[in-house]
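Subject: The structure, and what turned up in it

Hi there,

Here is the structure I promised to pass on. Please open it alongside this email, and keep the sequence to hand as you read.

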Amino acid sequence: MILLIDYDNLPRRLMEANLRSVIEILLAKLDFSSQAPINRIFCRLYGGWLKGKSLSFRAQRLIEQINVNFPLVLSPTDHTNAVVSAELARALACDPQHDFTHTFRLRSKPEFSVRRFPLRECVEPLNCRIKDVNSFVYKNLCPRENCSVTPETAFYRAEQKLVDSMIVVDLVHYAIHHQEHLVLVSGDDDMWPGIRYALLQRAVITHVIPKHPHHWRNPYKRLSTQNYNLITL
């Protein structure tokens, strides 16, 4: 069994848990009743692991856990033991010697829009503080006179790059070259072209959506086949 885990797509409670607990929670959600005994589980963890060529803080924390605790033996069912290994997906599965650097980036002045005034829900529409934010973001004018702070120095957003594409390429690679059950842990719609292609290659895929079903709807159900199973955390 191969687990492809979009780590930044996990609920915060899982991202803050130790890696062994994350994997145990995921395995507890899977149905092993109709499968042959599982004796090997390989986990690839995807995220913005490289800030330039240096490991991000989260990557360092996960590598420390992997080095100390893995491989480990878990019991996915009452009758089987499986050796579980884990690695950070820093390169493509088909090309492990070439890391993709700069997958973690800090972006200044995040892009967002402010609705037209007056805001309907505002209790003081004529004295709305959001106007100051709007002026600061779009006109680079701080409400404080003579203040030189700009949106570029005040705001930033951490984001990951290339990660979704890496997951899709790996999903296709494993579907073509391996005959193992694939478990994809991601609620990102960008996965669906890869899921569809893998299913056309007769891969067996369990898709774990890391969100409550009331907050997620699958507009691509028509693209699934009998080899596709959808569950939620």
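Below are some notes on the sheet, the helices, one arginine and a group of aromatic rings.

First, the ground rules. This is a predicted model, in which local features need pLDDT of at least 70 and side-chain atom pairs count only at pLDDT 80 or more, while totals for chains, interfaces and linings use all residues. Residues are numbered from 1 along each chain as its sequence is written, and side-chain values use heavy atoms, with hydrogens and water left out.

**The sheet**

Seven strands make up an open sheet with mixed pairing, in the order S5-S6-S2-S1-S9-S10-S11. (Strands are DSSP runs of E with at least two residues, helices are runs of H or I with at least four residues, and both are numbered from the N terminus; two strands pair if DSSP finds at least two bridges between them.) At the edges are S5 (72-77) and S11 (228-232), each pairing on one side only. From one strand to the next, the twist averages 25°. (Axes here are lines fitted to C-alpha atoms, for helices over the stretch in contact, and angles run from 0 to 180 degrees between N-to-C directions.)

S1 (residues 2-6) runs parallel to S9 and is joined to it by four bridges, with Ile 2 opposite Leu 182. S9 also pairs with S10 (residues 205-209), again in the parallel sense and over four bridges. Here Val 183 has Thr 206 as its bridge partner, and Val 185 stands opposite Val 208. To get from S9 to S10 the chain passes through helix H7 (residues 192-200), a right-handed β-α-β crossover. (Right-handed means that, with the strands pointing away from the viewer, the path from the first strand over the helix to the second runs clockwise.)

S10 in turn pairs with S11 in the parallel sense, this time over five bridges. Val 208 faces Ile 231 in S11, and Ile 209 has Thr 232 as its bridge partner.

How enclosed is S10? Five of its five residues are buried, so S10 is largely enclosed by the rest of the structure. (Buried means under 20% relative accessible area, exposed means over 50%, and partly exposed lies in between, with a 1.4 Å probe and protein chains only.) Ile 205, His 207 and Ile 209 point one way from S10, and Thr 206 and Val 208 point the other way. S9 is likewise covered on both faces, with Leu 182 and Leu 184 buried on one side and Val 183 and Val 185 on the other.

**Helices on the sheet**

H7 lies across S9, S10 and S11, at about 160° to S10. Helix H2 (residues 19-29) lies across S1, S2 (40-46), S5, S6 (80-88), S9, S10 and S11, running at about 20° to S5. (Contact means heavy atoms within 4.5 Å.)

**A buried arginine**

Have a look at Arg 44, in strand S2. Arg 44 counts as buried because its relative accessibility is 4%. Its side chain makes a polar contact of 3.1 Å with the side chain of Tyr 46. (A polar contact is a pair of N or O atoms within 3.5 Å; within protein, one must be able to donate a hydrogen and the other to accept it, and residues adjacent in sequence count only if both atoms are side-chain atoms.) Leaving aside residues up to four places away in sequence, Arg 44 touches several others, among them Leu 3, Ile 5, Glu 87, Asp 170 and Tyr 174.

Rings of Phe, Tyr and Trp (its six-membered ring) pair if their centres lie within 6.5 Å; planes under 30 degrees apart are stacked, over 60 edge-to-face, and the rest tilted. The count comes to three aromatic pairs. In one of them, the rings of Trp 192 and Tyr 220 have centres 5.9 Å apart and planes at 40°, so the pair is tilted. Trp 192 lies in H7 and Tyr 220 in the loop between S10 and S11, so the pair ties together parts 28 residues apart in sequence. Trp 192 is buried at 2% relative accessibility, whereas Tyr 220 is partly exposed at 26%.

Trp 192 also forms a tilted pair with Tyr 228, at 5.3 Å centre to centre and 50° between the planes. Tyr 228 counts as buried, at 12% relative accessibility.

Best wishes
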